[in-house]
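Trainee: I have a model open and want to learn how to read it. Where do we start?

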Amino acid sequence: GNVKSVEVLWESFGTDEMPNVGDLIASADYKDGYIRFSTPENFRDGNAVIAAKNSKGIILWSWHIWCAEEGWQEQVYANDAGTMMDRNLGATSATPGNLGALGLLYQWGRKDPFLGASSSSSYSFAVSTGVWDDSSDHISSHTYCEKNPMTMFVSIRLPRESWQSEKTACDPCPAGWRVPDGGDDGIWKKAGFSDKKYDFYNRGMLFDDGVSVPSAWYPGAGYRSSNSGSPLARSEGLYWSVLSRFVDSDMYSEASYFGLSDSGRIVLDWRWTNDALSVRCCKE
C-alpha cells in the first residue's frame, strides 16, 4: 500500500501499571520503504504494536514489537518432537510465578495480539495506551482483521491456511519460529507430555518429562472469550496449534489446542477460534 503515516497503536508493560506514550517505543517513522523505530534510553520490558497507514488513515499492516531484555531460550523436546521457546509469545520471563511469564493472547489465525491478565491472580486485563474494541461482526476476511488489529471479533472463521505447518504471513511468531502442530501429530503429543502436579503457588505446571533440558514452565495464563469482558480461567493454560477445522452446521470454526488446568490434567482438544489463547512458538 501507499504508506503515508506510522502510528504506535499501543504500549503495555503487561501489568496494571499504565505506561506513558513513549515508555516502550520512543519514536517511529517511515522512510525509504522501511518502518523505523527506536526504544527509549531507559529500556522497559513489555509489548507494543506499530501500524502503517495510508492517506485515509486506514491501517495497511501492523507489527508486534516484543520488548524483552532477557530474550528467549530454546528448549528441545523429547522424541524428536521439535524445539520450542521457553516462554509464551509476548512473555518477558520464563520464571514460574513471574507475572512476565504470562505473555499475550491471540484469536486463532490472527497475527495481532491481545492483552492478558494484569496479575498472577487477577481477572482484569493488563492496561495499555490506545483504545481497544469488541465487535459482534462475523469475520472471514484477513483484510478486515488487518485493518482492525485492536478489535476482538465475536466470531472469526478465517481460512484454514491462516496458520499452517509452513509459516504464513499471519503467523504471529518471530522470524524462524511458528505456531506449532497440534493434535495427535503435534509436538506435545510426540514429546510425551503427561498429567502433572499443578503448582498452585505459581499457577502453572513445570514439565520435566518430554523436555530434554531444562524443564518447561507453562503458566496458567487464562484465556479471553470473545463474549466476555475479562480474562477467564486464570488457573488454566491454553495454547493454540495450527490444526483447524470448520463446523459445517455453524458459522464458527474450531482449532486444536494444548491445555492444562489446576486439576493436574492436560488435554488435547478443540475450541472455537474466536477465543483468545496463548501461543508457544516452535522452531521452523
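Mentor: We will go through the core, the pockets and the salt bridges.

Mentor: This is a predicted model, so local features need pLDDT of at least 70, side-chain atom pairs count only at pLDDT 80 or more, and totals for chains, interfaces and linings use all residues. Residues are numbered from 1 along each chain as its sequence is written, and side-chain values use heavy atoms, with hydrogens and water left out.

Trainee: How many residues does the largest nonpolar core have?

Mentor: A nonpolar core is a set of buried Ala, Val, Leu, Ile, Met, Phe, Trp, Tyr and Cys residues joined through side-chain atoms within 4.5 Å. Buried means under 20% relative accessible area, exposed over 50%, partly exposed in between (1.4 Å probe, protein chains only). Here the largest core has 28 residues. W163, W240 and V279 have the most contacts inside it. Strand β14 gives the most to this core, with three residues. Strands are DSSP runs of E, at least two residues; helices are runs of H or I, at least four; both are numbered from the N terminus.

Trainee: Which residues are closest to the centre of the largest pocket?

Mentor: Take a 1 Å grid over the protein atoms alone. A pocket is an open set of points where a 1.4 Å probe fits, with protein on both sides within 12 Å along at least five of seven lines; lining residues have an atom within 4 Å of a point. Points join across faces, edges and corners, and volume is the space filled by probe spheres set on them. The largest pocket holds about 250 Å³. Closest to its centre are W63, H64, D171, P172 and C173, from a lining of 16 residues.

Trainee: How many salt bridges does a search of the whole structure find?

Mentor: Side chains of opposite charge can pair when their charged atoms come close. The cut-off: a side-chain nitrogen of Lys or Arg within 4 Å of a carboxyl oxygen of Asp or Glu. The search finds 13. E7 and K53 form one, at 2.4 Å, N to O. E7 is in strand β1 and K53 in strand β4, 46 residues apart. E7 is partly exposed at 32%, and K53 is buried at 16%.

Trainee: Where do R224 and D134 lie?

Mentor: Their side chains meet at 2.5 Å, N to O. R224 lies in the loop between β13 and β14, and D134 in strand β9, so the pair ties together parts 90 residues apart in sequence. R224 is buried at 9%.
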